[in-house]
Amino acid sequence: MYQIAQGTQDFMGLNCRKWQTLEDLIRQITTVYGYQEVRTPIFEYTEVFKRDNDSSDMVNKEMYTFSMGDYSLTLRPEGTAGIVRSFVEKKLYGNPAELPAKMYYMGPMFRHERPQKGRYRQFSQFGVECIGVKSPLLDAECIALGYTLVKALGISNIKIHINTLGDQESRDAYRNALREYFAPHLEELCADCKRRFEQNPLRLLDCKVDGPKEIMQNAPKMRDYLNEASAAYFEEVKKCLDALEIPYEIDDGLVRGLDYYTHTVFEAIATSDALGSQLAVFAGGRYDDLVKYFGGPEMSGVGFAAGMERLIMMAEAEGNELATVQTLDAYVMPLSTACQAKALELTTMLRSNGYIADMDVQGRSMKAMFKSVDRTQATFALILGEDEMNAGEVRVKHIPTQEQKNVRWEELIDHIDSFYDITENVCTCGNPNCTCGKGEN
Ligand code: ATP
Ligand code: MG
């Protein structure tokens with residue numbers, strides 16, 4: 001028996017419909033915020049992700065990297081690096097009138113970590129990147145976009161943590177302070193933290209092992225090392241969030257899992273009683289140096305990524321089902337092989353008119369076919385026997401009322417239409433089963 005690889009998932013039926021609902025919602029929200037979709041490759045040259053001096057766990061331990069002879073490729077563990085690589089490679093920074101470039105993506109990411117609830121080895125992220133203009137307004141806009149999505153999904157138990165890492169000067173000052181502070185305590189720290197101390201002491205604050213220890217809690221705080229410009233920038237971000245009435249809390253310990261962040265960093269944590277746990281649903285921040293690192297000009301960006309599995313889990317935990325089982329409008333029942341071709345024709349006609357229709361193709365008994373009507377919750381059963389065939393008719397049974405009537409083939413669509421009160425039930429999107437609620441008529 002073959003088995004699915006650890007940390008991966010299959011989705012089908014109703015579960016796929018939930019993904020579609022989420023994807024539709026993301027497209028709607030990104031569109032009103034003026035973001036356009038970009039699709040970059042699933043794998044890149046390893047150097048795109050493994051940048052000099054990167055100390056993050058993701059880069060050091062979690063990447064799926066494979067060698068192809070004389071070069072090395074990596075399955076993307078995140079979206080930002082590929083997008084910035086592409087932004088620079090395509091010189092999208094060239095025309096100031098087109099900046100900031102507002103881009104979003106959705107798709108699978110790969111990280112070799114221990115699978116558990118809400119943590120997979122292949123998972124999907126939705127993310128946005130806004131590159132080319134540095135303004136606290138954009139940091140706030142980005143957080144607002146994520147917050148809008150989370151709210152639209154019915155996730156209410158959400159906390160947004162924000163912090164600032166300041167500019168280069170502030171961070172250098174803070175790093176030195178951390179090194180000085182931790183140097184006498186090195187022996188008390190975990191092995192990873194010893195490495196972090198050398199590579200990037202900021203990451204010490206992100207330790208999942210040493211985190212609760214007293215030395216961690218008493219460590220110097222970034223906010224005491226911010227220069228004036230960095231402090232002012234953060235003040236502006238907070239002011240914008242206040243104006244948008246987005247609730248947030250300052251989290252001194254928030255440094256984020258990746259090394260490229262500067263200034264604002266944020267993380268939205270959802271708390272669910274149903275899951276009895278806390279999970280980060282989206283997280284991101286500003287990056288001043290990444291575009292330059294990839295060979296572009298000095299140009300800042302801001303973005304976040306949201307775990308789509310976690311968004312779905314949290315929405316469901318709060319009672320938003322996201323999708324319902326697909327039901328049929330009509331199920332067509334040919335009563336003998338002689339009626340099958342005509343039945344297929346009628347089924348096709350219904351489909352061309354936007355009705356969700358299916359038919360029996362196995363010559364099954366009436367009883368078996370009515371079971372299919374039940375199972376698919378079809379609104380109509382269309383019965384086509386030889387008598388109906390000869391008369392150019394089909395028997396239409398409206399299941400909810402059990403009303404039935406022989407209808408001429410050419411009048412079939414009008415007859416079905418007549419059951420749908422066009423002014424009330426049918427949405428402008430044209431789908432008679434529509435639940436998008438966009439149109440009243
Ligand atoms: P965590 O602290 O949970 O490991 P992270 O800091 O590694 O998260 P990011 O790199 O910021 O996560 O990714 C952004 C979002 O992607 C996370 O907030 C989370 O919702 C989701 N995510 C990250 N790793 C996984 C995973 N292995 N499985 C499912 N979702 C994930
Ligand atoms: Mg992680």
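Guide: Start with Q402, which is partly exposed because its relative accessible area is 46%. The cut-offs are these: buried means under 20% relative accessible area, exposed means over 50%, and partly exposed lies in between, with a 1.4 Å probe and protein chains only. This is a predicted model, in which local features need pLDDT of at least 70 and side-chain atom pairs count only at pLDDT 80 or more, while totals for chains, interfaces and linings use all residues. Residues are numbered from 1 along each chain as its sequence is written, chains are lettered from A and ligands numbered from 1 in the order written, and side-chain values use heavy atoms, without hydrogens and water.

Back to Q402. Its phi is positive, about 65°, although Q402 is not a glycine. Q402 sits in the loop between β15 and β16. Helices (H or I, at least four residues) and strands (E, at least two) are DSSP runs, numbered from the N terminus. Q377 also has a positive phi, near 50°, and is a residue other than glycine. Look for Q377 in the loop between α13 (366–375) and β14.

Follow α12 back to the loop that lies between β12 (330–334) and α12, where you find A338. Leaving aside neighbours within four places in sequence, A338 is in contact with E386 and M389. Contact means heavy atoms within 4.5 Å.

Next, helix α11, residues 308–317. Here 8 of the 10 residues are buried, so α11 is largely enclosed by the rest of the structure. The buried residues include M308, E309 and R310. After α11 comes G319, with a positive phi near 90°.

I312 and E316 are among the residues that K18 touches, not counting residues up to four places away in sequence. K18 belongs to helix α1 (residues 14–32). K18 counts as buried because its relative accessibility is 10%. The side chains of K18 and E316 make a polar contact of 2.5 Å. A polar contact is a pair of N or O atoms within 3.5 Å; within protein, one must be able to donate a hydrogen and the other to accept it, and residues adjacent in sequence count only if both atoms are side-chain atoms.

Another lysine, K238, lies in helix α9 (residues 228–243). K238 counts as buried too, because its relative accessibility is 16%. Beyond residues up to four places away in sequence, K238 touches I162, Y248 and I250.

Now the ligand. Of the 14 residues around ligand 1, those that come nearest are R111, E113, R119, R256 and A280. A residue is near if one of its heavy atoms lies within 4 Å. R119 has a polar side-chain atom 2.8 Å from an oxygen atom of ligand 1. A polar backbone atom of Y120 is 2.8 Å from a nitrogen atom of ligand 1. G307 places a backbone N or O atom 3.2 Å from an oxygen atom of ligand 1. The protein covers 88% of the 580 Å² of accessible area that ligand 1 has on its own. Accessible areas come from the Shrake-Rupley method with a 1.4 Å probe; for residues, only the protein chains shown count as cover.

What makes up this shell? The residues divide into 6 nonpolar, 3 polar and 5 charged. Ala, Val, Leu, Ile, Met, Phe, Trp, Tyr, Cys and Pro count as nonpolar, Asp, Glu, Lys and Arg as charged, and the others, Gly among them, as polar. β6 (122–131), β10 (277–287) and β11 each supply at least two residues. β10 gives the most, with 3 residues.

End at E298, in the loop between α10 (290–293) and β11 (301–307). E298 counts as exposed because its relative accessibility is 60%. The side chains of E298 and K292 are joined by a polar contact of 3.3 Å.
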